[in-house]
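Thanks for coming, everyone. Please look at the structure on the screen while I walk you through it.

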Amino acid sequence: MFILHSSNKTENLFLHLTTVINSAKLFNPLDKEIFLIQSQGMERWLSQQLADQFTVWGNYEFFFPGKFFSHIANKVDQKLNADIFDRELMLWRFEQLLRHLDDDCFSSLQHYIQGENQALKRFQLAQQLAQIFDQYQMMRPDMLALWQQNQYLYQTDSERWQCALWNKITEQLGHNHRGLLWQQLIKQFKQSADLSKQLPERIFVFGLNTMPPLFLDYLQGLSLHCDVHLFLLNPSQVYWADLASKKQLEQQSSADHPLLAALGQQGREFQQMLFDQASFTFEPESFEPIEVTNNLQQLQNDILNNQLETRRLLKDHSISIHSCHSRMREVEVLKNQLLLSLEQDSLLELREIVVMAPDIQLYAPFISAVFSDIQHAIADKSLRLSNTLLDAFIR
């Protein structure tokens, strides 16, 4: 079964999760509860909440998408190995190819790496190419299949050199990239009669608010043989995939909430993809308004109902904007704000405070310096930053 749990509150989604665990015990009590997550921060938060809820919590396993795919593939006896197309390995393959760009279609690349610092330019370009082709494998396997036949979708110069570069890579490694292997496994899910004995009894997908269409197909196929619970945090209880874009809002008067339109494009596209591609067995939801005592809660309620109401702002600091001249200063201001909050609220605990950033690794050295006297932990760091011995070895 494929079950979609949706709510505007993470607390409600967690309640759904614990209700499933409590009411539907695993057939084999020695089996692990399997969680598919997107970040280390979500793993830590879920672990803490589950330990608080059940007092004793163990025999579980968290997976990121890549490792999850390999784990499930091994369960169904598929020896699928996409490691040769790993981004870190691809970086050096591209770096080597960029040293020998003889074809005319690569003129734009040749022009880019000319002049001073050629080695640095070549390495940086290889990094970008490894990243974009890593995304192509999951997001655009259809395009890669056409390129392997020297066919084009867009007939542009950039597509021609990308196609030629990809074909050079596949000449070395073969055509079984990650996206193709996922498609093979999805096909097996749909054609096999019953794989339930080889797969986990159920899988909880928590904290993934977007995914490639291929990944959604993968979960859909997996749900034919085991229970897949997808927990979706949705800021609005109304259908908002068809909201006007920010540019369209500027050209017309609309009652839609501008934050949903301006900042929610990824969420809108994911909602539309779920509507078009997914077929859920059951869709429990628990949207509820928030008791309004400050500006932030009022904003959340407006987004929940997709309504924009003109009202006087309350005098509070639930939403504040700090303009800082450096990352170091940002962290210093953050510390002052947290100390003030802890002083004003005697019930607030450090473990209840979460600080988020698009790339927390950029702030890691400043956090270590400024918060040296306050207990803290930084999630989602690379192994090099979290393991000094490994970093020394690599250096």
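Let's start with salt bridges. A search of the whole structure finds 13 of them. By salt bridge I mean a side-chain nitrogen of Lys or Arg within 4 Å of a carboxyl oxygen of Asp or Glu. Side chains of opposite charge can pair when their charged atoms come close.

A word on where this comes from. This is a predicted model: local features need pLDDT of at least 70, side-chain atom pairs count only at pLDDT 80 or more, and totals for chains, interfaces and linings use all residues. Residues are numbered from 1 along each chain as its sequence is written, and side-chain values use heavy atoms, with hydrogens and water left out.

E288 sits in the loop between α13 (265–277) and α14 (295–305), and K9 in the loop between β1 (2–7) and α1, so the pair ties together parts that are 279 residues apart in sequence. Those labels are DSSP runs, numbered from the N terminus: helices are H or I with at least four residues, strands are E with at least two.

The cut-offs: buried means under 20% relative accessible area, exposed means over 50%, and partly exposed is in between, with a 1.4 Å probe and protein chains only.

Next pair: R178 and D134. Their side chains form a salt bridge of 2.9 Å, N to O. This one links distant parts of the chain: R178 is in helix α9 (residues 178–191), D134 is in helix α6 (residues 118–139), and they are 44 residues apart. R178 is buried, and D134 is buried too.

E332 forms a salt bridge with R329, and the closest N and O atoms are 3.1 Å apart. Both lie in helix α15 (residues 327–344), three residues apart, about one turn of the helix. E332 counts as partly exposed at 27% relative accessibility. R329 counts as partly exposed as well, at 32%. There is also a network: D52, E349 and R351 are joined by salt bridges that share partners.

Back to α6 and α9. How do they pack? Their axes are 7 Å apart, at an angle of about 15°. That makes α6 roughly parallel to α9. Axes here are lines fitted to C-alpha atoms, for helices over the stretch in contact, and angles run from 0 to 180 degrees between N-to-C directions. Under 35 degrees counts as roughly parallel, over 145 as roughly antiparallel, 65 to 115 as roughly perpendicular, and the rest as oblique.

Which residues meet? D134, Q137 and M138 in α6 meet R178, G179 and W182 in α9. Contact means heavy atoms within 4.5 Å.

Stay in α6 for L125. With a relative accessible area of 13%, L125 is buried. Beyond its neighbours within four places in sequence, L125 is in contact with L98, L109, Y112 and I113.

On the α1 side, T10, F14, L17, T18, I21 and N22 take part; on the α2 side, W45, L46, Q49, L50, Q53 and F54.

Now two helices with buried residues. In α3 (residues 65–75), P65, F68, F69, H71, I72 and A73 are buried. The buried residues of α3 pack against β2 (33–36), β3 (60–63), α9, β4 (202–206) and α10 (213–222). As for α10, eight of its 10 residues are buried, so α10 is largely enclosed by the rest of the structure. Among them are L214, F215, Y218 and Q220.

Finally, the whole protein. It has 18 helices and five strands. Its C-alpha atoms fill a box of roughly 65 × 60 × 55 Å, taken along the principal axes. Of its 395 residues, 39% count as buried. Of the contacts with a separation of 6 or more, 72% come from residues 24 or more positions apart.
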